[in-house]
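Please open the model in a viewer and keep the selection panel at hand.

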Amino acid sequence: MYEFKEDFLTGIDQIDAEHRRLFEIADELYNLKCEEFMPDKYDNIRHILEELRDYTLTHFEHEEAYMESIDYERLPEQRRQHEALEETINDWDMDAIDENQDETIEEILRLVTNWLVNHILYEDKLIGRKD
Ligand SMILES: [Fe+2]
């Protein structure tokens, strides 16, 4: 369901590999949502969310380090966007997840994938175009 498409390629191998992994984690979360015969998904949701959070933060660090290394002019804008998502992620209330599991997964998936797709297509792809 959540798959990495060729459209998302920036042409920078490490960044593309990390974006691909982010989609894989989103897909794991989606599959968990579709799992009908699991009465309590809380531990799994928590595990995947933590992975998504940690991986996203590490990815931003890598991406910003790369942009710094090439003296990228849009780095401040990138930092601003990354910080906005970091704030959203840090606001996730892990305890509230327990009450409404499927809805919570859906909400997080919608947010993360919308954000990821837009950010990759409209910001990250520009990094690869720098000459
Ligand atoms: Fe970025």
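On a 1 Å grid over the protein atoms alone, a pocket is an open set of points with protein on both sides within 12 Å along at least five of seven lines, a cavity is a set where a 1.4 Å probe fits but cannot get out, and lining residues have an atom within 4 Å of a point. Grid points are joined across faces, edges and corners, and a volume is the space filled by probe spheres set on the points. The model is predicted: local features need pLDDT of at least 70 and side-chain atom pairs count only at pLDDT 80 or more, while totals for chains, interfaces and linings use all residues. Residues are numbered from 1 along each chain as its sequence is written, and side-chain values use heavy atoms, with hydrogens and water left out.

**Stop 1: the largest pocket**

Select Thr88, Trp92, Asp93, Ala96, Ile97, Asn100, Glu103, Thr104, Glu107, Ile108 and Leu111, which line the largest pocket. Its volume is about 220 Å³. Helices here are DSSP runs (H or I, at least four residues), numbered from the N terminus. H5 contributes the most to this lining, with five residues; helix H4 (94-97) and H5 each provide at least two. The lining of the largest pocket comprises five nonpolar, three polar and three charged residues, where Ala, Val, Leu, Ile, Met, Phe, Trp, Tyr, Cys and Pro count as nonpolar, Asp, Glu, Lys and Arg as charged, and the others, Gly among them, as polar.

**Stop 2: the largest cavity**

Next, select Leu22, Leu52, Thr56, Leu85, Ile89, Trp92, Val112 and Leu116, the lining of the largest cavity. H2, H3 and H5 are the elements that give two or more residues to this lining. The space in the largest cavity is about 40 Å³. Its lining divides into seven nonpolar residues, one polar and no charged.

**Stop 3: helix H2**

Select residues 42-69, helix H2. The expected span of a helix is 1.5 Å times one less than its number of residues. Buried means under 20% relative accessible area, exposed over 50%, and partly exposed in between (1.4 Å probe, protein chains only). Among the buried residues of H2 are Tyr42, Leu52, His59, Phe60 and Glu63. The cover over the buried residues of H2 includes H1, H3, H4 and H5. After H2 comes Asp71, with a positive phi near 60 degrees.

**Stop 4: the iron ion**

Which protein donors does the iron ion have? They are Glu63 (OE), Gln78 (OE1), His82 (NE2), His119 (NE2) and Asp124 (OD), at 1.9 to 2.4 Å from the ion. Donors are N, O and S atoms within 2.8 Å of the metal (3.2 Å for Na, K and Ca); water is not among the atoms, so sites may look incomplete. Along the chain, the donors of the iron ion follow the spacing E-x14-Q-x3-H-x36-H-x4-D. Gln78 lies in helix H3 (residues 75-90) and Asp124 in helix H5 (residues 101-127), so this pair ties together parts 46 residues apart in sequence. Gln78 and Asp124 are both buried.

**Stop 5**

Select His19, found in helix H1 (residues 13-34). His19 is buried, with a relative accessible area of 0%. Leaving aside neighbours within four places in sequence, His19 is in contact (heavy atoms within 4.5 Å) with Phe4, Thr10, His59, Glu63, Ile120 and Asp124. Finally, select Glu83 in helix H3. Glu83 is partly exposed, with a relative accessible area of 47%.
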